Each structure stands twice: as structure tokens, then as C-alpha cells.
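Please read the following note with the sequence and the structure open beside it. Each point may be checked against the display in turn.

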Amino acid sequence: MAARLRVVAVAAACLAVFGCGRTTPQPSRVTIMQFEAPVTMDPGDHTSSLTYDVLAPIYEALTKFGEGLAVEPSLATAWNVDATGTKWTFTLRRNVRFQDGSPFDAEAVAHSFARLVDPARGLAGGSRFRAILASVTAADTYTVVFTLRRPYAPFLRVTAVTPIVSEAADAKGILSSRAVGTGPYKFVEWRTGEHVLEERNNDYWGARPAAQQLLWTWTSEPVLMNMSVLTGEADIVNPLPPIFAEALQKSPRVQLIEGVGTSVFWVALNMQTKPLSDLRVRQALNYATDRDALVRTQLRGFGAPANSPLAPADFGYAAATRGYGYDPARAKRLLAEAGYGEGLTLKMAAQEEDGALAEALQGMWANVGVRLEIESMEHGVYSQTIFGSPRQKQAAGIDCVLAAWASDNADPDFQLSPLYATDAWSPASANLGFYSNPRLDALLANAAAELDPEKRKALYATAQQTIVDDAPHVLLYYPQAVAARHVGSATGAARLLPGGRIDFDGK
Amino acid sequence: MRTYWIRKLLGLPLILLVASFLIFAAVRLLPGDPARLMAGMQADQQVVNSVRARLGLDKPFAVQYALFLRGVMHGDLGVSTRSHKPVAQEIADRFPYTLALTSVSYAFAILLGITAGVVAAIYGGKMLDHFVMLGAISGASIANYWLALMAMSLFAVQLGWLPLLGAHGWKSYILPSITLGLLPGAVIARMCRASMLEILQQDYIRTARAKGVTGLRLYLKHALRNALVPIVTIAGMNFGSLLGGAVITETVFNWPGVGRLMIDAVRYRDYATIQGITLLTVALVTSINLAVDLLIGALDPRIRFE
């Protein structure tokens, strides 16, 4: 995370030399526009990647992601794990202060984690810890010890995306509306209808960023992102919908910034009811899907077809995983073998925003005799429907769900366990098609506990192929991360980190 | 007459109470789970449940309503599940923006409507009348959403004359208030024309003409004044639709008012915020209808409310 925290923009030099800024002398400010407002200022009380982006300049974590998503030191300078794999000890950076003046120490770290697992707090960000973390204690001022319930390989990656908060601020109960961290920017104001304003933290322990202010704004109209970056009312818009990316490619006023995405789009097939309980039908749908065409039409080329349930940027992604090619004839044969030679009808739940993708699938599947009925749903209705239990989905006649998933830490456990493990059947988590393979469950459990990276990779390679072969999902594509920058804005050379977070430090 | 107004005023709290119940029940009938939306798609069920408990949504409906009502009595509309700020404060922060935008739009609508209506009536049946009315029908039929995007694309993106988004100075008002005021303006224009045409055929107008009253004095002082009653009625009724239209206009122009707050609140099933804004709207529309009654009584002393 902190790689993007070393946020720096060009600023004064650019203003003076190129005269590319505003005429009135004012602090160099970078305006970033997103498509959704932040849900809170408390980094532990949300699971939204766009909220994470807004808070990222203010907060830091024990570790951070460097190039290639390798884990590097941040607020912790060193760490080790004992032989059992359950006891992690972190040595903390000294002479660091929170933006409210309180000292950063082991107590603050222990508190930041303990509050996440406290059921009485009911914080939204607690999911990944409650089952794993047994205790976290301050061994001395600058040493913190985590005790896990079982060996857990993703732990180091999780520490990279768990911001450390000021205990004093949390005790005052203000974190949901004011952010108080140790990062290079400090919180100024959150006008809930307008913006979040952040200002350079001059007491920051690390390299100081150049831009004096960051202004985060948002709109719920995608077309406004496109227009704002053209007029320069936004210096950066992120993420940019592919349809606008294609249009803006030719504009001299805008520069596209392309990065690696971590999200995977798929259709979850309900394996507990006919006809999708039949492997041949699920395989047929996979063969009936022309992924290259989807990338071309839906993503305008900004992406790649999916061959695996992991995204290429995820740790352990196996490029060799054999997916399904486009083969409508084979799809028809499989359907005939399964007794659906006359065709069949499926009902799919999809978000309104994904309407065009749903219709593209409808067209492709119609070619092999599958009539797809699309239930297009508003976001709130959709999220309630797709997390229904097997009985609820059967009652609603939902055969499949169009959805996407991205893990913020690029660890395969966060991409695979919630989607494919048996104990993740919805509503418990996001196994939306009720897939269950005990062999895969064991693989995922062993891989999560395997601390040797090479052995772990091998386990995940097997897991990926197992999932593809069982076909609980029709895997669709990996969208690329795309942002846009207004040419002439004093943002420096902005770039996208894997997963799509913006980093504009001009390197 | 006095008892009429007393009854009307006493009826207000009752209307609000009934409205509060309907709103409270309606938001809970909406499909969609606020706890799931707040926790996010990646949260597991255990976390969603604890968020639900924190929001007090695991309590029985009657208890939730009683708590809400008690809060409202004390001026406490609850806390937004998104911003974690008191809803009353959220609305107070945003309402001035909405009030400013709707007032400017309203003024634009009335000015446009009455001017166009009077001009059309004066030239009744002639080319100019047809032309103005064609404009009015178009104004009433064009989706203001589409119009806004076209205007933004031309004046903000292509020509760069006007700001695209937000509320930064007087220039920011131009596009949103035209977008928002066009529909009520067109409605008022049609009503104004019809009312004026009727009045212009009355005997007293002929008498006035015979006496030598001509031009604007005849049309504005003698005719328009007497044509105002239906215009004020329609203009009053349109204030409500203006507030409704503000939801869309504010979203398109990223205007930091309550309309946009409402859109976000509905998307995330932020019950407290939806309830607060709807209650405010009910109170506003009822008060304005009351004010229109008063104004009509003042304009035409023959009108009596019983």
C-alpha cells in the first residue's frame, strides 16, 4: 500500500516552469474523481476499494506492496514467524507519530487489530480476521506479537492492507468521520456531498510528497468522469469505464494510464438445482462463451479473457491452467448428451450496470439453444438476491449470477476461499452457486497454511485446474485497470498500481 | 375563514405523523439489506449480522418506529449509516444548495413562463404564438437529463464557457437552473397563455381598450393581474415537481444538495437519511400549498375557503 502512499505530484516547479497551472497562486492541488463516494473515514469499517483509495494517503500499514506485489517494510521494519507458523513478531519503526500527535507504538498496532475482531464493535472490515486472529499483544513499546489460530500464509499480505489507526482518536469515537493515521497526507475535511480534502503532512517520517493537497471527488454518472477529465475539472479520473477509455484514447486533452487489474468477472452456476447440477451443461456454457469477443465488445480491448479463477496479478496465478475455448459445436453436443438437445432456459441475476455484458452472454448462449432470461437488478436488490441461501435461490428460480470479484491484497486465498470453498456457500460468504468439492476444500486449506511460497504456488496451480474442470463458474474476463489524466494537470507522471490504485509520485 | 386556517395549520403535524409512518414502513419494504450494503460484498455473514445489530435493524419494527418517533420529537432524525453524521446536520449542510438552485430555477421558470405566455396570448393564433407554444411543448417533453448532458457537452466541454460540475459561483447556476426550470417554465407558459386569452375576451378589457388603454399597460396591469390565479396555482403545484426534478439535476451536475444526497441514500438503503429528506419534502410541499392558498385569497378577495 505505501508504495502508493509515497504520493507526490509535480506542483510548484511545473507551475513556474511550464505555467501549466491556474493563474492565482494557490497550493498545488490534485483533484481525483471516482464513481462512488467514500462510505466512511474509518479504514476498518468498509470493504470498498474506492474508499480505500481515498484513505490510502492518510493511513499506513505494517507492511506495503512493492513492485510485483512483493511485501516490503512500512510501519514495521522487520518481522518473523516462528516454526509453528502461528506466532508472528513485528518490529516497529521508531519516532513515528500519528497526525493527532499521539505516538505510533505497539499498543496502537495491537488496538488497530483488536478492534477489528471485537464483535461488539461490529466493524465491517473484520471478516478476514475473526476466524484467524487469536490475540495480538504489545511485547514492548516497539514489538508486537500476533498469535494466530492456525498457520496462515496470507497473513503478511493482510498486514499490508490493514491500516493502523490512532488509538486516541478511536477512543474519542471520531474515526468514522475524521481519518487519523501516520501517512504523508493528513485529513482536512469531508464534505459528504462534495469532497474529501487532504493536506500534506509536514511531520511525515518518510519522503514528503510534492502536491500540497489532494482533493477527492466523485460522481455517480460515468459520463461525467469522461467530461471532467476533458475540461480539467478533474486532474485524474479512476477507474475509467472502458467505453470512455476507447473514446478518450484519441483526445489530445487526455492521457490514458493503463495498469494491471485484479478483478475477475464470472457467472456463478447454481450446482444444487437442475439443469446446472450436470457438469456437461456447465461445460457447455463455458464452450458457448466467446471470451475474446467479450473482451473486444465489453472491455473495448482493455482486458484479457479469463482462463483461471485467479487474476494474472494474483500470487500463484497459473498461466498454464487449461480453460475452455470457444467451441459452440462442442457445447451443443454436450447439451444433447445431457438430454437438453431441445434447448433449455436459465434465469440469471445481474446488476443493472452489467446489462450489456449480460445481453452479450444471452446472444452467445442462444446460439447453442440456451435461452437466458436476465433479471436485471438495482444494486441493493441484487446484493440481497445473490447472497440468498440455496432454498431462497431455488424459490426465486435463480439459476446463475453474473458478478465480479477482486482481492485487495492479491493473495489467492482471498480470491478462492470465499468463492469456491464449501463453507463459503451463501449467505455465509460468496460461493454463490453452492459448489462443493472436498478435494478442493482440502487443497485450499493446505495452501492457506503453507508458508513455503513455491509449495504454495504448486498447491494453487492444482486448485485452479480443479476449479476450471469442475466448472462451477463460467469465467469471463480480466478487465485491465484504466485511469485518465488531464494533460496539463500538475500531477506528474501518474501510474496505476496492480489492482488499479492511483500513484502519482512522478517517478 | 379563520377557522379554516386554524384547521389547516393544526392538520400539518397530523400530515407529518402519517407521512412519517408511511415513509418509515416504505423504506423497510424496499428490497435490499442496509447491513449488507454497508458491510460490502466481500464481508461474510457474521460481520453483516454484527453490522445489522449495530444499526439497530435487528429490533422489531414497532420498537424501531417508536425510537425513530421519539428522536424526531427531539429534533433527532438519526445518524446516516454512510457518513456517520447526524441526518439533521447532513440535511442542514446540503439544503442551502438545493434551496438556492430551486429558487433560481423557479425564478427562471416563472419569468420564462409568464413572458412566453403573455407574448403568445398577445399574438394569439399568429406565427409567434405557434412558435412560442412549440417551444413550450418541446420544453415540457425533452428529458431534462438528456438536455443537461447535451448542454454540458457543448458549453462546458467543447466551448469551455461554463463550469461542468459543482456549485462554484454564479456561473455554476446557469446550466442546472435552465435544465431544472425548463419544464415548470413550459407548464406555466401554457397555463399563462390560456388564462390570458380568456381574460382578453372579457368585457372589461374591451372597455379598457375603448377608454384608450393600450400596450403593456393593458396587458400587464389589466389582463395579467386578473389572469394570475390559475398561474399561481399551477406555479405552486410545480414547486413540488421542481424539488423532485432537483434529484436528477443535482446528480447530473454533481450539485451538493439534498437531491444528490437522496440518490446516494437510496442506493445504500440509508434509512435514516431517506426518512429525513422525505419528511422535509413533505413539510415543504404542504407549507407551500398552504402559502399558495393564502396568496390566492389575497389576489382574488372573492375566493373564500371554508
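The points below treat the domains, the strands and helices, and the contact between the chains.

1. The model under review is predicted. It should be read with that in mind throughout.

2. Domains of chain A. The domain assignment divides chain A into domain 1 (1-58 + 183-259 + 481-507), domain 2 (61-167) and domain 3 (264-479). Between the centres of domain 2 and domain 3 of chain A, taken over C-alpha atoms, the separation is 33 Å. Twelve residues of domain 2 of chain A and 13 residues of domain 3 of chain A make the contact. On the side of domain 2 of chain A that touches domain 3 of chain A, nine residues are nonpolar, one is polar and two are charged.

3. The four-stranded sheet. In what order do the four strands of the open sheet of chain A stand? The order is S4-S5-S7-S6, with antiparallel pairing. Strand S4 (76-81) and strand S6 (133-140) of chain A each have a single partner strand, so they stand at the edges and one side of each has no neighbour in the sheet. On average, and with direction ignored, neighbouring strands of this sheet are turned by 20° against each other.

4. Inside that sheet. Strand S5 (residues 87-92) and strand S7 (residues 143-148) of chain A run antiparallel and are joined by five bridges. Opposite Phe90(A) stands Val144(A) in S7(A). Helix H4 (residues 106-117) of chain A lies across S5, S6 and S7 of chain A, and H4 runs at about 165° to S6(A).

5. Strand S8 (residues 185-191) and strand S9 (residues 195-200) of chain A form an antiparallel pair with six bridges. Three residues lie between S8(A) and S9(A) in this hairpin. Arg191(A) has His195(A) as its bridge partner in S9(A). S9(A) also pairs with strand S10 (residues 213-218) of chain A, in the antiparallel sense and over five bridges. Here Leu197(A) faces Leu215(A) of S10(A).

6. An enclosed helix. Why is helix H8 (residues 222-231) of chain A described as largely enclosed by the rest of the structure? The reason is that seven of its ten residues are buried. The buried residues are Leu224(A), Met225(A), Asn226(A), Met227(A), Ser228(A), Val229(A) and Leu230(A). Their cover includes strand S1 (29-34), strand S11 (236-237), helix H9 (242-248), strand S12 (254-259) and strand S20 (481-486) of chain A, together with helix H7 (144-158) of chain B. After H8(A) comes Gly232(A), with a positive phi near 90°.

7. Contact between the chains. How many residues of chain B are in contact with chain A? There are 43, and they meet 37 residues of chain A. Elements of chain B that give two or more residues to this side are helix H2 (34-39), helix H3 (45-55), helix H5 (87-122), H7, helix H10 (215-252) and helix H11 (258-267). H3(B) supplies the largest share, seven residues. By class, this side of chain B has 19 nonpolar, twelve polar and twelve charged residues.

8. Two packed helices of chain B. The axes of H5(B) and H11(B) are 8 Å apart, and the helices pack at an angle of about 130°. H5(B) is therefore oblique to H11(B). Glu90(B), Ile91(B), Arg94(B), Phe95(B) and Thr98(B) of H5(B) make the contact with Val258(B), Gly259(B) and Leu261(B) of H11(B). Four residues of this contact are nonpolar, two are polar and two are charged.

Terms used:
Residues numbered from 1 in each chain as written. Chains lettered and ligands numbered in written order. Predicted model: local features only at pLDDT ≥ 70, side-chain atom pairs only at ≥ 80, totals over all residues. Pairing = 2+ DSSP bridges. Buried ≥ 20, exposed ≤ 12 C-beta atoms within 10 Å, placed from the backbone. Contact = placed C-beta atoms within 7 Å. Nonpolar A, V, L, I, M, F, W, Y, C, P; charged D, E, K, R; others polar. Axes fitted to C-alpha atoms, helices over the stretch in contact; angles between N-to-C directions. Parallel < 35°, antiparallel > 145°, perpendicular 65-115°, else oblique. Domains from an automatic or database assignment.
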